[in-house]
Amino acid sequence: MMEYRFSETHPMHPIRLELTARLCKDLALFERANLTLAAPPVATDAELAAVHEPRYIAAVREVSANPDIPDEARGLGTEDNPAYAGMHEASARLAGGSLLAADAILGERALHVVNFGGGMHHASASKASGFCIYNDAALAIRRLLDGGVKKVLYIDVDAHHGDGTESIFWDDPRVMTISIHETGMSLFPGTGFANEIGGPNALGTAVNIAVPPRTGDAAWLRAFHAVVPQLAEAFEPEVIVSQHGCDGHRDDDLSNLRLTVDALRQNALDIAELARRLCGGRWIATGGGGYNTASVVPRTWSHLVAVASGKPVPLATPVPRSWRDYVLERYGIRTPESMGDNAELWWRSWEVGYDPADPVDRTVMATRKEIFPLFGLDPWFD
């Protein structure tokens, strides 16, 4: 999975995968009796074609074989997505990991599956975008549907709008995509507003919560809890697929949100609880964005793995000295000593009232007014 490497200076550097896996190991997460490590296969062209156009797959193969000849019309060989030898195989392996996750759920071999190398949510059916070549989350969702699952809920908490996944299922009433992200007025890809609600055959199944820049833990968690649980219950999914981009962290340079590891961990707990309550626990979690590769991503996704395996790591847990020493010696980076950011995790429940002077509350109300009536819910009181 480390072969998904655009360049040594690209923000999407696979060091974040290496350090996450190493931290999971040093925290003894991989030693847990109920956790199994599985090697991701390279997805076949036929598997990729479940959501991607064959001509696009062929174009990725061509650029992968000849990286000096870009295909910018398809987003290949651009500044965001530089071409490199082996791009197809590396991208298809990330996709293969999420397909393996879907097969494990369908075959009842696992209840929760984490692919923190996945979450490539900007890739659309026919174009690469935003560091994403193949949309592994969409492929997992399609595999679940083809395997007999009637409804899938996709939850995307990346700082950037999950536009690719939304577009693939735009007119499919079997899939609800919910994306909470920094508004497109200030951040790539410039989409994901409240009035983007799905195609004519699937109105209300595209849900967007576009929070303003500098939104912190309390307001972000308030927004999540004011929209997601209510719609999840109304939609009645059989499986949840979630994307856990952690680029909304206050120390990430590619967004303007102000989140902490503590809030991101709490959000993983909230999604796990939704899966337990609504889906018999069936849950696939992927990674996504996250560009503070040493201090933020490994801690956040190690928490995700721990939550998925049923025994969360306390926020006060010391980061293993062996891991911190490795990062300092190998990369020259001093990393936090604790698995948390010592944040004050408290937020106002939506039930205490709507504040029209609060920009986050206005965002939430815009989404609720667009979507809630389509599911028989009251945007003011439900």
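What percentage of the 382 residues of the protein count as buried? The share is 58%, where buried means under 20% relative accessible area, exposed means over 50%, and partly exposed is in between (1.4 Å probe, protein chains only). The model is predicted, so local features need pLDDT of at least 70 and side-chain atom pairs count only at pLDDT 80 or more, while totals for chains, interfaces and linings use all residues. Residues are numbered from 1 along each chain as its sequence is written, and side-chain values use heavy atoms, with hydrogens and water left out.

View 1. The C-alpha trace spans about 55 × 50 × 40 Å along its principal axes. With 382 residues, a compact globule would have a radius of gyration near 21 Å, and the 19 Å of the protein agrees with that; the radius is taken over C-alpha atoms, and the globule rule is 2.2 Å times the number of residues to the power 0.38. Looking at contacts (heavy atoms within 4.5 Å), 74% of those with a separation of 6 or more are between residues 24 or more positions apart.

**View 2. Here is the largest nonpolar core, a set of 67 residues.** A nonpolar core is a set of buried Ala, Val, Leu, Ile, Met, Phe, Trp, Tyr and Cys residues joined through side-chain atoms within 4.5 Å. Ile155, Leu231, Ile240 and Trp283 touch the most other members. Helix α7 (residues 217–235) gives the most to this core, with 10 residues. A second, separate core of 48 residues includes Ala95, Val113, Leu145 and Val149.

**View 3. Arg16 sits in helix α1 (residues 15–26).** Arg16 counts as buried because its relative accessibility is 2%. Setting aside residues up to four places away in sequence, Arg16 touches Met120, Gly288, Gly289, Gly290, Thr293, Val297 and Trp301.

**View 4. Ile333 lies in the loop between α10 (321–331) and α11 (359–371).** Ile333 has a relative accessible area of 30%, so it is partly exposed. Apart from residues up to four places away in sequence, Ile333 touches Ala294, Ser295, Val327 and Leu328. Take Ser295: it is 38 residues from Ile333 in sequence, with 8.4 Å between their C-alpha atoms.

**View 5. Asn342 is also found in the loop between α10 and α11.** Its phi is near 55°, a positive value in a residue other than glycine. Asn342 counts as exposed because its relative accessibility is 74%.

**View 6. Phe131 is in the loop between β1 (112–115) and α5 (136–146).** Phe131 has a positive phi of about 75°, although it is not a glycine. Its relative accessibility is 10%, so Phe131 counts as buried.

**View 7. The peptide bond from Phe188 to Pro189 is cis.** Omega is near 5° for this bond. As for where to look, Pro189 is in the loop between β3 (175–182) and β4 (206–211).

Methods. Helices (H or I, at least four residues) and strands (E, at least two) are DSSP runs, numbered from the N terminus.
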